[in-house]
Amino acid sequence: MMNAVERYLAPTTLAQALAALATPGGATVLAGGTDLMPQANAGRVKAASTLLNIRRVQGLSAVALDGNALVIGTLATLATLQHDALVRAQAPLLVDAIDHFASDQIRNAATLGGNLCNASPAGDTLTPLLALDAQVELARLTDDGSIATRRLPLADFFIAPGRTRREPHELLTAVRVPLRGTGQIARFHKAGTRPALDISTISIALAAQRDDQGCLHDVRLALGAVAPTPVRAHRAEALLEGRRLDAALAAQAAQAAADEATPIDDVRATAWYRRELVNNLTRRMLDDVTQA
Amino acid sequence: MSALLTPPAASGSLIGQRIPKMDAPDKASGRTRYIHDIDLPGQLHAAILRSSRVHARILRIDTTAARALPGVHAVLTAADVPDQQPIGVAKDHLPLKRDRVRSVRDEIAAVAAETEAIARQALTLIEVEYEDLPVLADARDALAPGAPLIHPEPHGADPAKPGLKPGMPIAFAGKPDNIAMRFDYTHGDVAQGEAESDVVVEDSFSLHYVTHCCMGVSGVIAEFDARGNLLLYSNTQVPFLHKREFAEIFRMDPGRIRIIQPPIGGGFGSKLDIYPFEIISVYLARATGRPVKLLFNREEEFLASPTRQPVLLTLRSGCKRDGTLTFRSVRTLHDNGAYTSWGATTPFVMMQTFSSLYRVPHCDYHTLAVYTNNPYAGSFRGYGNLQATFAVEAHMDQMAEAIGMDPLAFRQKNAQLQGEVSGQGMVFRSCGFQDCLTSAAERSDFAHRHAEYAAQRNAPGAIKKGIGIASMLHVGGGAKIYPSDGCGTILKLDDFGHVTLITGASEIGQGSETVLSQLVCEELGLPMSAVTVVNNDTDITPWDVGVHASRTTFIAGNSAIGAARKARDKIFAAAAPRFDCAADDLALRDGHIVRRASGEPLIEIARFLRSLHFSDRAELVMTTFYYEPPSVHQDKGFKGDVSAAYAWAAQVVEVEVDTDTGVVRMLKVTGAHDVGRVLNRLGIEGQIEGGIVMGQGYALTENLLVENGNIRNPNFRDYKLVTAPEIPEMDIAFIESMDGEGPQGAKGVGEAPAICIAAATANAIYNATGVRITSLPFTPERVYRALHGVLPPVPPVPPIVERPA
Amino acid sequence: MSLKHEIRFRLNGVEQRTSVDVGLSALQLLRDVIGLPGTKYGCGEGECGACTILVDGASVNACLLFAVDCGGRELTTIEGLAGDPRAQALRQAFVAHGAVQCGFCTPGMVVQATHLLAVEPKPDAASAKRAIEGNLCRCTGYQKIVDAIVDAGARLADTTAGDKQ
C-alpha cells in the first residue's frame, strides 16, 4: 500500500505537479482522498513511489464561463458545485446528480476530477456529464517545460472500470460543459432506496433540446452502472432524435435503451433487474418529459 | 379498569416523565470512554488470523517469520495452548482451531505486538497450508446422505455435566450426523385441530441473515496482575455468567476474575455469548505478561460477529369459518453454522409465538439446527420472534381473507384477554393485547385504508399504497431459563442525601441506569441529581443474570425498588419515635421526611441521615435486595409460566410500492405497545423508535449475503442500514395495563418494537399489490421479481423425523 | 517502513506540529498520535460518519482524510466544539430530546449538525435528515436526533433574532 511511497509532494503550481508526474516511477495523485484512502486501505492501489497531493495547486478549482462552455476546475469539490450559481444555472443536471452523491461529508471533500478519474461505471457525476457532452481537459509538461493541454470528449475518456485515457504524465485539469440554449430538457434518476449514500444500481441522465413544435433534438441518454463504463444509449437516442414524444415512442426508446445496456450480476443487483430498471425508469422519465 | 386509562401520577412524581439519560451530556460532548478509548500502560495490541478457507484441514502453520518481526511479543496457535477448552452454548467451539477450519471466521493464530499495525503485519507473515474439504453451504443439504460432517470428532463436551442450563438439549460429541440441536413441542392435538378446520393454509418462509452492526466494534482488554488475578475490560451483556465461564475455561477460581464494563457502543444481544477473541486475548496476556487489547475493524466485525438466526420455516395453520383459530403446525430448519451459539436456542422463543400469539388450541413445532460451514448465529433483539411472527401474521391475514373476515376483527376474535393461560402455560396476568390492536388500527385509519388500497390494486399508475397490521407477544418480566433470573442491588445513602445505586444490571445504551435511578428517586422522594449509579464492575456489583429477554427494567427495577423501600423503612423506623408517630404516618417527598396525610415537612432527609450517623446509634443507611421474579422454569415439554409478565404490541405499517422498480417506502408506522406502565417516557419512546427502524432494516434493506460460506458484503457500503432520510413517520401509543408484579406496573419493552414490523410490512405489500412475498428482505429486486412472478417460491422444510421416545 | 512527513496544522485552535506516516488517516492522527478519543472509528471507509470532524469549517470524514493533507489547515473535533454556541445548543437539545442512547454515533452527529446549522440556520426535519444521511445510528431510529437538530436550530435562530431587536 502506502509503504511503497518514498516521496510526498504537495505542490502549489500546476507546473510543479506535472513535473512530478513526468518523473520516472510516476506518481499517485491525491486530491480529496475519498477514493484513494479506502482503496489504499483495501490494498487495491499499487502506490507509486511518489504521492502527489494536488489539492494545493492554485487555479484548479474555479468555475467560470469560457465562450460557450462552462469550465469547472478539477479540484472543485462536489459541495461547492452543488451550491455554485453558475453550475446551478448552466448544468442543473449535474447538481441533481451531486444531490444524490454519497453524503455531505464526502461531498465536502470529493473533487469532480477525482470522481471522473476514479472512473467507476456507477460514478454519479459521470452519467450527467456524459449526457451534457462534457469534455475533459488534460494537461502535461512538454519537453521545453511549458504546459500543453488537450481535450477529449468524456465519451472517449473512459476505457474500463478504474481506467481512463489519462496518460500517467497527464493531469485532468478541467471539465468543459457546452452551454445549452433555451428549450433544454434535463432529467436525472438514480435507482435505489436511499436518496444518497448509495452506489447506483443504475443511473440515467437525459438531456435534449425541445423545439417549438415539441420535437426533441440533440438527444443524449446516458446510463450508469449497466456497462464497464458510463455509456450513451445511441439506438434509443436515434429513435428519439427529431421526434415528438408520446407514450408509444417513450416505451420503444426505453426498450431500446434496455437492450443496449450490458449490465452484470453483482452484490447489488442482477443484470436482469438492471435491464428492467433501465426500461421502466427510462420510459417513466420520457413520459415525464412528454407531460412537462 | 380500562387499560387505556393512565393512572394519574401523584404530583411531583417522576413516573411517566421525560427524563434525560444520565450519561447523555458526556456522550454528546465526546467525553465518554468506550473500550476503544481505553489504553492501559504497557499494553500490547492483538490481532487474529482467520481462515482463508471455508472448510479445510489445517496441515501446517508456520509462524517463524511472524515471531521474528520486530515489535512482536507473542504468536499463538492451538499448539501453544494445549489446555484450551471448547466454548459456546454447546461446547463445540475451540478458540484457536487445531486440525480443521469450518468457516471463514475460524481463528487460526493470534499475535500480540507493540502496535496494531505491527500485529496486523505479522498476520500476513504467517503461513498456513490447508487441504480443502467439501463445503456444506446449505442447511437443506446437511442431513443428506454423504453430506460433509462438520463435527465428526468428539468435541470435548463432558457427558458428566450434560448442560449448564436446565432442560436444554445439547449437541452430543461424536454424533454421526450434522444435527446440532433439536426441539419438539406440542400442546393439544394438531390432527384434531386440522379436522375441525374449515380453512387450512400452508406456506414456507425464508428468513435471512442480518447482523447487529453495533456502531462500536467489538473489543476486549485482558490483564493479569502480579498474583495471577485476571482483569477483563469487556462489553459483555452478561458479566457474571462470563465470569463463571471464564473461570471454567481457564481453570481459575471465579473470585480471581474481575470484569469491568466500559460504556458500550451498542449490544442488541451480540454480547451474550463467549467468543474466541476474548479467550485468545487472555491467552496472549498470559503469554506476554502484559495487558493485551484487541479491537476488531469493521470488516472483521461483519465477518466474525454472530448473526441473527436464519430460518427456513413451514407453517400450516387452520381456522373455522367463524374465525376461531384451530391449530398451528410448524417445522423449522436452522442453519447452525460451524459452531453453536445462541442462535440455535431461538426455538425457545419461537415456540412461545407459535403456541401463544393469539389463542391456539392445538400446536406442534419441530425444529432442527444443523451444522454447516456458514457463519454461526447468536442472539439478536427479538431472538427468533421476528422470524416466527413473520409467518404467523402472514397466515392471520391469509385465513381472514379466506373466510371473508376483516383482518382486524379476525385478530381481535383470537386475541387473548387478561387472566388467560396460553397453551404453553404462560399466565397473562396483565394483558393489553386487545387494546393494542384497537389503538393501532384506529389511529392509523386501518380499516378504511385497507379497503381503499385493495380496491386500487389494479388501477392505473405504478405507485401503489398498502397498509398492514401485525402484532407480537414477548416476555416482559424476564425469562427463567437460568437457575436464577434475579438481580441484586446495593443501596447507600450518604450524609448529604446522595444515593449510590449499585446494581448488577448492565447499561447497554437502553437507559437502564436512568430508569433504575428514577425508580429509586420515586421511592425516596429525591431528585434525579441525587443518584450515582455503579453498574460496571463485578468486584462491586451484586449478581444479575444479564441484559437479555427485555428483563432489565422489570427485574433490576424491582430489585432497586426493594432496596429503596428497605432504606425508606429504615429511615421511618428511626424517625417515627423522633416525631412521635407511627412509621406508616411518614412519607418521603421533595428531599424531606413529611407527614404522609398532610404533607407537612418534618425534616430534610440529608439532615436526618446526618443525625442518624453522628449520634450514639451511629448508623448509616445501607441496604441490599435481591429480586427473583415469581416465574418458573419450564418443564421438559417447555411448558410453564417462564416469565413474570408478558408484553404485547400491535403495529400498523403503511407503505408505498413502486411497481416499476420494486422499491418499498415505509411511510408510517402506527404502534400500540402494552408496556404495563410508562416509566421514562423519553427513554421508552427512544427504545421503540429505534426498534421500529431496526425492524425496518430487517424488512427492507439489510441482508448479509452468505454464499458458499463466504460473506460477500462485510461493509456498510453493501450492507444497508437504514439512513435518516428513509425512516417512516412514527406514531406510538402506550397501553398501560399496570402489571401487578412490574416495577410501578411496568413491563419490559427492549425487543418488542422490532418484532412485528416485517410481518406488518408483508401484509401491507400484499394489500398494495395482491402479491404475498414469503422471503426477506423486501429489497427492490426481490419485490420486483415477486410482482412479475419470477421470484422462486421457498421450498418446504423437509419433514422432521420424530425423535425416538 | 512507511515514509514520514512533518505537518503543521491548527487543531481546536492550537498550533500542532507532528510527523506522520504518509498512509495515516486524520482519524488515526487524532486518536492514536495526538490522543483525542472523541472522534470515533465506525468503519474506516466513510460510510458511517462516526468520525466526522470539521476541516476549514466544512464537515468531512476523518477516516478518508490523509493526515499529511492536514498541513496548513484548521481542524475541529468534538472536543474543540465545547465552547461553540451551535454545538452547545445541539448538545443540550440532544440530551433534552432523548437523542442519545449508546452514544457512539453522537459526536459525529453533533459535529455534522453543527456544520449544518452554520450553513442552514433553521433547518426543517427534511433538511436535517438529508444532512445526517451520512451518519449511521443503530439505537435511536434517528427521530429524536432530527427533533433535536430542528429544535436547536429554532432556538438559536430565536436567540439571534432576539439579540437583533
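In the predicted model, domain 2 and domain 3 of chain B bury about 1,300 Å² between them, and carbon and sulfur atoms account for 60% of this area. On the side of domain 2 of chain B, Leu679(B), Pro743(B) and Gln744(B) supply 35% of the area buried against domain 3 of chain B, a share that exceeds that of any other three residues. The contact involves 22 residues of domain 2 of chain B and 17 residues of domain 3 of chain B. The centres of domain 2 and domain 3 of chain B, taken over C-alpha atoms, lie 38 Å apart.

The two domains belong to a division of chain B into three parts. Domain 1 of chain B comprises residues 43-135, 217-264 and 271-304.

Polar interactions across the boundary of domain 2 and domain 3 of chain B were examined next. Between these domains, 5 residue pairs are in polar contact, both residues of each pair being at pLDDT 80 or more. The side of domain 2 of chain B that touches domain 3 of chain B has 8 nonpolar, 10 polar and 4 charged residues. The number of salt bridges between domain 2 and domain 3 of chain B is 0.

A further interface is formed between chain B and chain C. Here 51 residues of chain B are in contact with 36 residues of chain C. The area buried between chain B and chain C is about 3,500 Å², with 62% given by carbon and sulfur atoms. Of the area that chain B buries against chain C, 18% is supplied by Ala28(B), Met215(B) and Ala724(B), more than by any other three residues.

The interface of chain B and chain C contains 5 salt bridges. One of these links Asp37(B) to Lys40(C), with the closest N and O atoms 2.7 Å apart.

With regard to secondary structure, helix H1 (24-28) and helix H16 (681-701) of chain B are the elements that give two or more residues to the side of chain B touching chain C. H16(B) provides the largest share of this side, namely 8 residues. By class, the side of chain B that touches chain C has 25 nonpolar, 16 polar and 10 charged residues.

Note on methods
Residues are numbered from 1 along each chain as its sequence is written. Chains are lettered from A and ligands numbered from 1 in the order in which they are written. This is a predicted model: local features need pLDDT of at least 70, side-chain atom pairs count only at pLDDT 80 or more; totals for chains, interfaces and linings use all residues. Side-chain values use heavy atoms; hydrogens and water are left out. Domain bounds come from an automatic or database domain assignment. Contact means heavy atoms within 4.5 Å. Buried area is the accessible area (1.4 Å probe) that two parts lose on being put together, summed over both. A salt bridge is a side-chain nitrogen of Lys or Arg within 4 Å of a carboxyl oxygen of Asp or Glu. A polar contact is a pair of N or O atoms within 3.5 Å; within protein, one must be able to donate a hydrogen and the other to accept it, and residues adjacent in sequence count only if both atoms are side-chain atoms. Ala, Val, Leu, Ile, Met, Phe, Trp, Tyr, Cys and Pro count as nonpolar, Asp, Glu, Lys and Arg as charged, and the others, Gly among them, as polar. Helices (H or I, at least four residues) and strands (E, at least two) are DSSP runs, numbered from the N terminus.
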